[in-house]
Amino acid sequence: MRDKTIALAGVYQAAACAHELAQSGAVSRRDCFAGSINSLFVVDPDSTPAVFNNDMNRVALGLRTLIKSFNKDKAYLNIIKYVLTLLNLQSKFINNDAMVRQVQHGIQQASHLGSFDEHETAIIEILAATYSKTISQLQPRVIIAGQPYHLKNNEVTEQIRAILLAGIRSAVLWKQVGGSHLQLLFKRKAYIQQAEQLLKERSL
């Protein structure tokens, strides 16, 4: 359950970041945004926490968003919709071998640029282009609702596409560690309890 919660929190974090970018043009937790982007460059991790560098601070926004959405906070309806779309898209993506290779190539290109902190703009540009050529072509598309001013800003839309690519990465991980749609209906309390525990451990 721990692994499933971390992976699902990764999906929620990507959705929350996309929502914030569309609404305000910025994210509230830059460290979590960077944590999600950097998760794309973790290949063959030895554990699920290792995807986020064994640091739950890097997925704290996702853990908190998961808890609030599972507690049926109506303010999170759009984020929930994005999460469900990403979870549905991951199966179509993972069954498309050519698309998987294309995404892997884009991620490798971005990783070769160096650290995210030093090359953020260039890395985001490559990841956004990769998302547009691949995941964005699948149905259903992730339709992000937000302020037109921000959605017309190329820098903002590229960040949204890049973070949605990270969301797909976490959605695939969630499936790999045993996540299922039925759990979203019948295991809500278990997910909430595990997310709360992970947040407590983070602050120790």
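Student: Before we get to glutamine 183, what counts as a helix here?
Tutor: Helices are DSSP runs of H or I with at least four residues, numbered from the N terminus. In this predicted model, glutamine 183 belongs to helix α9, which covers residues 181-186.

Student: Is glutamine 183 buried or exposed?
Tutor: Glutamine 183 is buried, because its relative accessibility is 13% and the cut-off for burial is under 20%.

Student: Which residues does glutamine 183 touch, beyond those up to four places away in sequence?
Tutor: Glutamine 183 touches Lys4, Trp174, Gly178, Arg188 and Tyr191.

Student: And what lies 2.9 Å from a polar atom of its side chain, the side chain of glutamine 183?
Tutor: That is the backbone oxygen of glycine 178.

Student: Staying in α9, where does histidine 181 stand on accessibility?
Tutor: Histidine 181, also in helix α9, is partly exposed, with a relative accessible area of 35%.

Student: Which side chain makes a polar contact with the side chain of histidine 181?
Tutor: The partner is the side chain of asparagine 88, at 3.2 Å. With neighbours within four places in sequence left aside, histidine 181 is in contact with Leu87, Asn88 and Trp174.

Student: What box do the C-alpha atoms fill?
Tutor: Along the principal axes, the box is roughly 40 × 40 × 35 Å. Buried residues account for 50% of the 204 residues.

Student: What percentage of contacts join residues at least 24 apart?
Tutor: The figure is 78%, counted among contacts between residues at least 6 apart in sequence.

Student: What about the surface and the charges?
Tutor: The chain exposes about 9900 Å², of which carbon and sulfur atoms supply 49%. There are 23 positive and 16 negative side chains, and the centres of these two sets lie 11 Å apart.

Student: Why is helix α3 described as largely enclosed by the rest of the structure?
Tutor: Helix α3 spans residues 60-70, and nine of its eleven residues are buried, so the rest of the structure largely encloses it. The buried ones include Leu61, Leu63, Leu66, Ile67 and Phe70.

Student: What happens just after α3?
Tutor: Lysine 72 takes a positive phi of about 60 degrees there.

Student: Now isoleucine 160: which helix is it in?
Tutor: Isoleucine 160 lies in helix α8, residues 154-176. Isoleucine 160 counts as buried because its relative accessibility is 6%.

Student: Which residues is isoleucine 160 in contact with, leaving aside neighbours within four places in sequence?
Tutor: Isoleucine 160 is in contact with Ala18, Leu21, Ala22, Ile144 and Leu151. As for histidine 105, 55 residues away along the chain, its C-alpha atom is separated from that of isoleucine 160 by 20 Å.

Student: Last one: is histidine 19 buried or exposed?
Tutor: Histidine 19 counts as buried, at 17% relative accessibility. Histidine 19 is found in helix α1, residues 2-24, and is in contact with Asn78, Ile79 and Tyr82 once neighbours within four places in sequence are left aside.

Technical notes: Residues are numbered from 1 along each chain as its sequence is written. This is a predicted model: local features need pLDDT of at least 70, side-chain atom pairs count only at pLDDT 80 or more; totals for chains, interfaces and linings use all residues. Side-chain values use heavy atoms; hydrogens and water are left out. Buried means under 20% relative accessible area, exposed over 50%, partly exposed in between (1.4 Å probe, protein chains only). Contact means heavy atoms within 4.5 Å. Accessible areas come from the Shrake-Rupley method with a 1.4 Å probe; for residues, only the protein chains shown count as cover. Lys and Arg count as positive and Asp and Glu as negative; His and the chain ends are not counted. The place of a charge is taken as NZ of Lys, CZ of Arg, CG of Asp or CD of Glu. Helices (H or I, at least four residues) and strands (E, at least two) are DSSP runs, numbered from the N terminus. A polar contact is a pair of N or O atoms within 3.5 Å; within protein, one must be able to donate a hydrogen and the other to accept it, and residues adjacent in sequence count only if both atoms are side-chain atoms.
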